[in-house]
Amino acid sequence: MRVTVVGAGVVGTMHAWQALERGHQVVQIERETEARGASLRNFGQLWVSGRAGGEELEAALRARELWEEIGARVPALGFRAIGSLTPVRGPLELAVAEAAVARPDAAARGYELLTPDEARALNPALRGEFTAALYCERDAAVEPRTAQLALREELLRHPDYTFLPGREVREVTGAATVRDDHGDTHHADAVVLCTGAWLGGLVRELAGPDLPVRRVRLQMMQTDPLGEPLTTSVADADSFRYYPAYASPALDELNARQPQAETAAAHRMQLLMVQRADGGLTIGDTHEYEHPFAFDTVEEPYEHLAGVVESLLGRPLPRVRRRWAGVYAQCTEPGRVVHRQQVSEGVWLVTGPGGRGMTCSPAIAETTANELGW
């Protein structure tokens, strides 16, 4: 079988990986020299802990298995089974963590409620004051800025893989046939469009104007090296308000009696933090849903995040050396992992994983391959 994959972000690349693993010929087309969207502008977190129960959690857990398998074959991915800690303060935040640990799927997530001393034994960099910490053993990390390059290098070893960068697909000219802006036509048995947050143009023509996917903008930053290991990823209790796994009467009570800080609420914020291979910290993030998006980054969210991080580390934050904004595509139907739609004969659109993209992409691609009978 011949498969054409359009898009070289993590979702597209995992579809190419699945097709090659199943013995097919693959042509992957990318409009940039390399993908430069949400697949690089994220935490590199493989984030199981906050996923909604059911299909979303199952996809995250399966993807976690696949990431570990691929990471063993491609060490340059930087796969690390580091887990995560979410420190909590006060009885209201503690009650939400206790409700999470009481979930019927808590063991599958690797949830455990730790005392401050137990948390610091696991991650000594957390010298700030907190009441307890929610640990999730199944969380992991990769290096987002280099993961695609590492996967591409491995794919290029295969004689049945062709990568065509700097080409934009302009037209679907027949059954599983696409034409790019170089005038070349690519014939295949199946085409998978993994176009990320690019939802206009050809995607709109094929899928129609009512695609149940929206674009979301976020702000993040990265610091100089911390100078010591941050042995787990770290979240704050605002992540309870954002991720569906933490929905409970205890969360309702937290929202009612202890609202978010003004800046965090205005920018729909949570703290997520992961240490990079060079020792720096990737820190975020914000969420902006209203169009048109701002074209600049604003300083207040960064100041808020710096204050939260310093309170948890009990020390000043290293110098911030990078700030950026990114946009991802997110399904508008709650709990839906991805939007997968046949848009033409032999042509499928796979988009809208939202913040699940890095986490769930291997499982998303595996499901596509299974459903298409590859």
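I began with helix H1 (residues 10-21), which lies across strand E1 (2-6), strand E2 (25-30), E8, strand E12 (190-193) and E19. Contact here means heavy atoms within 4.5 Å. H1 runs at about 170° to E2; axes are lines fitted to C-alpha atoms, for helices over the stretch in contact, and angles run from 0 to 180 degrees between N-to-C directions. Helices (H or I, at least four residues) and strands (E, at least two) are DSSP runs, numbered from the N terminus.

I noted that this is a predicted model, where local features need pLDDT of at least 70, side-chain atom pairs count only at pLDDT 80 or more, and totals for chains, interfaces and linings use all residues. Residues are numbered from 1 along each chain as its sequence is written, and side-chain values use heavy atoms, with hydrogens and water left out.

Next I traced the sheet under that helix: six strands in the order E8-E2-E1-E12-E19-E18, open and with mixed pairing. Two strands pair if DSSP finds at least two bridges between them. Strand E8 (161-165) and strand E18 (339-344) each have a single partner strand, so one side of each is left without a neighbour in the sheet. I then found five bridges joining E18 to the antiparallel strand E19 (residues 347-351), with Gln341 opposite Leu349.

Then I turned to the open sheet of eight strands, ordered E5-E6-E4-E14-E15-E16-E13-E17. Its edges are strand E5 (111-114) and strand E17 (320-331). Four bridges join E5 to the antiparallel strand E6 (residues 132-136), and Leu114 has Ala133 as its bridge partner.
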